[in-house]
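Please read the numbered points with the sequence and the model at hand.

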Amino acid sequence: MPRSGFAASLSTPKVDVVIDMGNPFLNHTVDAFLKIGSVAATRAAAEDVYYIVKRPGNVSRHSMEHSLKKMCKEGAYWGTVAGVYAGMEYGAERIRGSRDWKNAMLGGALTGALISAASNDDKDKIVKAALTGGAIATAAEFLNYLT
């Protein structure tokens, strides 16, 4: 019996920005900051374009300045979070001397605690953020092992 099939390959484009800071820790941190920061800024821009298209005629100098400020703020915030996480994970790897999911868990927990401590003084929120950061980073690491 004749069969027909379809075989395809889907690959995502890979963009690598290499900035050599002379230190692997700084290289990981800056690389994460730039990559995730640019994604966050692009997301903010796409959101603002959606609202402009939804309500035509609302383009003004003030709205463009607001969009640019929002892009910079989002990019800087998420870039910082990603940079801190990448640095913490790399530091855990160097201290422990092994590369496994535990580094992601430690990096996520430390990042969650640091970012939360920088924005509030509530100890319960800091602990919750540490647990959440560790859980999310560990889950992301396990998902990477599956693919």
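1. Asn 103 is buried, because its relative accessible area is 1%, and the cut-off for a buried residue is under 20%. In this predicted model, Asn 103 belongs to helix α3. Its side chain forms a polar contact with the side chain of Arg 96, at 2.8 Å. Setting aside residues up to four places away in sequence, Asn 103 touches Glu 89, Ala 92, Glu 93, Arg 96 and Ser 98.

2. The overall make-up of the protein may be stated next. There are 4 helices and 0 strands, and the order of elements from the N terminus is α-α-α-α. Of the 147 residues in the protein, 20% are buried. Where contacts link residues at least 6 apart in sequence, 55% of them join residues at least 24 apart.

3. Helix α1 covers residues 24-54. It contains 31 residues and reaches 45 Å from its first C-alpha to its last, close to the 45 Å expected at 1.5 Å a residue. At the start of α1, a side-chain oxygen of Asn 23 comes to within 2.9 Å of the backbone nitrogen of Phe 25. The buried residues in α1 are Ala 32, Gly 37, Ala 40, Ala 41, Ala 44 and Asp 48. These buried residues of α1 pack against α2.

4. Not counting residues up to four places away in sequence, Phe 25 touches Gly 87 and Tyr 90. Both Gly 87 and Tyr 90 are listed among the buried residues of α2. The C-alpha atoms of Phe 25 and Arg 94 are separated by 9.5 Å, although the two residues stand 69 residues apart along the chain.

5. Helix α2 spans residues 61-96. Its 36 residues reach 52 Å from the first C-alpha to the last, close to the 52 Å expected at 1.5 Å a residue. Buried residues of α2 include Ser 67, Gly 75, Gly 79, Val 81, Ala 82 and Gly 83; Ala 86, Gly 87, Tyr 90 and Ala 92 are buried as well. Which helices do the buried residues of α2 pack against? Their partners are α1 and α3. Just after α2, Gly 97 adopts a positive phi of about 75°.

6. Thr 138 lies in helix α4. Thr 138 is buried, because its relative accessible area is 11% and the limit is under 20%. A polar atom of the Thr 138 side chain lies 2.7 Å from the backbone oxygen of Gly 134. Apart from neighbours within four places in sequence, Thr 138 is in contact with Trp 101 and Met 105.

7. The largest pocket has a volume of about 410 Å³. Its lining consists of 14 residues, and those nearest its centre are Tyr 85, Glu 89, Arg 99, Glu 141 and Asn 144. Helices α2 (61-96) and α4 (123-146) each contribute at least two residues to this lining. By class, the lining of the largest pocket holds 6 nonpolar, 3 polar and 5 charged residues.

Technical notes. Residues numbered from 1 in each chain as written. Predicted model: local features only at pLDDT ≥ 70, side-chain atom pairs only at ≥ 80, totals over all residues. Heavy atoms only, no water. 1 Å grid on protein atoms, 1.4 Å probe; cavity = no way out; pocket = protein on both sides within 12 Å on 5 of 7 lines; lining within 4 Å. Points joined across faces, edges and corners; volume = space filled by probe spheres on them. Nonpolar A, V, L, I, M, F, W, Y, C, P; charged D, E, K, R; others polar. Expected span 1.5 Å × (residues − 1). Buried < 20%, exposed > 50% of the residue type's maximum accessible area, 1.4 Å probe, protein only. Contact = heavy atoms within 4.5 Å. Polar contact = N/O pair within 3.5 Å; in protein donor to acceptor, adjacent residues only side chain to side chain.
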